[in-house]
Amino acid sequence: MMQLRAATAADIEAMCELLLEHGPNPWNHLPEAEVRAHLAAIAGGATRALLAEQEGVLQGFVSHRLTDDFAAHQPPSRSGQVHGYICEAVVHARQAGQGLGSRLLRGVVEGLLE
C-alpha cells in the first residue's frame, strides 16, 4: 500500500537519487548541483515535500516552497501575499501512469490550502 508523508532531512539523499534518475526528460533539464541545493533546503524548512512510499521505498514526491518571489506575476489584489510554488514532481518509472503524481499534487495543494 502506498503511504504519503512529509519529507524530512533524512529523506534528502533518496529524493535526489530518485529525481536525478527518473526526472530528466527532453523538456526538464535537472542540473545536479541545483537539484541537491533545492532538496537540501528541506533540512531548514525552506523547501517542503510530500513523499510516496511503498514498503518503505520512495516511489515519488512533489517538492514545493512558500514564496513571494513571483509577486510581479500576480494580480494587484494578491501581490503582497505568499504563494505556494510547485518545484519538482517525480514518480518512479514503475509508477508512471497510475495516478501517483496526481495524488501527490492534490496532497500538496490541499496542504497549502490549510
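# Buried sides, paired strands and salt bridges

Analyst: Let's start at helix α3 (residues 100-113): R106, E110 and L113 are exposed and sit on the face turned away from the buried side of α3. Helices (H or I, at least four residues) and strands (E, at least two) are DSSP runs numbered from the N terminus. Exposed means over 50% relative accessible area, buried under 20%, and partly exposed in between (1.4 Å probe, protein chains only). This is a predicted model, in which local features need pLDDT of at least 70 and side-chain atom pairs count only at pLDDT 80 or more, while totals for chains, interfaces and linings use all residues. Residues are numbered from 1 along each chain as its sequence is written, and side-chain values use heavy atoms, with hydrogens and water left out.

User: What makes one side of α3 the buried side?

Analyst: The buried residues of α3 are L100, L104 and V108. They cover an arc of only 75° around the axis, so they fall on the same side of α3. That arc is taken over the directions from the helix axis to the C-beta atoms. The cover over these residues includes β1, β2, β3 and β4 (83-91).

User: How do you know that the length of α3 agrees with what a helix of 14 residues should span?

Analyst: The expected span is 1.5 Å times one less than the number of residues. For α3 that gives 20 Å, and the end C-alpha atoms are 20 Å apart, so the two agree.

User: Now the strands, please. Why are β1 and β2 said to pair?

Analyst: Two strands pair if DSSP finds at least two bridges between them. Strand β1 (residues 2-6) and β2 have five bridges in the antiparallel sense, so they meet the rule. One of these bridges has Q3 with E53 of β2 as its partner. β2 and strand β3 (residues 57-67) qualify too, since they have seven antiparallel bridges. There, R48 has H64 of β3 as its bridge partner.

User: What lies between β2 and β3?

Analyst: Two residues separate them in a hairpin, and E55 in the turn has a positive phi of about 55°. β2 itself (residues 48-54) is mostly covered, with five of its seven residues buried.

User: What makes the contact between E53 and R5 a salt bridge?

Analyst: A salt bridge needs a side-chain nitrogen of Lys or Arg within 4 Å of a carboxyl oxygen of Asp or Glu. The N to O distance between E53 and R5 is 2.9 Å, so the pair counts. E53 is in strand β2 and R5 in strand β1, 48 residues apart, so the pair links distant parts of the chain. The whole structure holds four salt bridges.

User: Are E53 and R5 buried or partly exposed?

Analyst: E53 counts as buried because its relative accessibility is 18%. R5, at 29%, is partly exposed.

User: Which salt bridges does R36 make?

Analyst: One is with E13, where the closest N and O atoms are 3.0 Å apart. R36 lies in helix α2 (residues 32-40) and E13 in helix α1 (residues 12-22), so this pair ties together parts 23 residues apart in sequence. R36 has 29% relative accessibility and E13 has 41%, so each counts as partly exposed. R36 also forms a salt bridge with E32, at 2.9 Å between the closest N and O atoms. E32 and R36 are four residues apart in α2, which means about one helical turn separates them. E32 is partly exposed at 44%.

User: Why are H38 and H64 called buried?

Analyst: H38, found in helix α2, has a relative accessible area of 15%, so it is buried. H64, in strand β3, is buried because its value is 8%. Contact here means heavy atoms within 4.5 Å. Leaving aside neighbours within four places in sequence, H38 is in contact with T47, S63, R65, C87 and E88.
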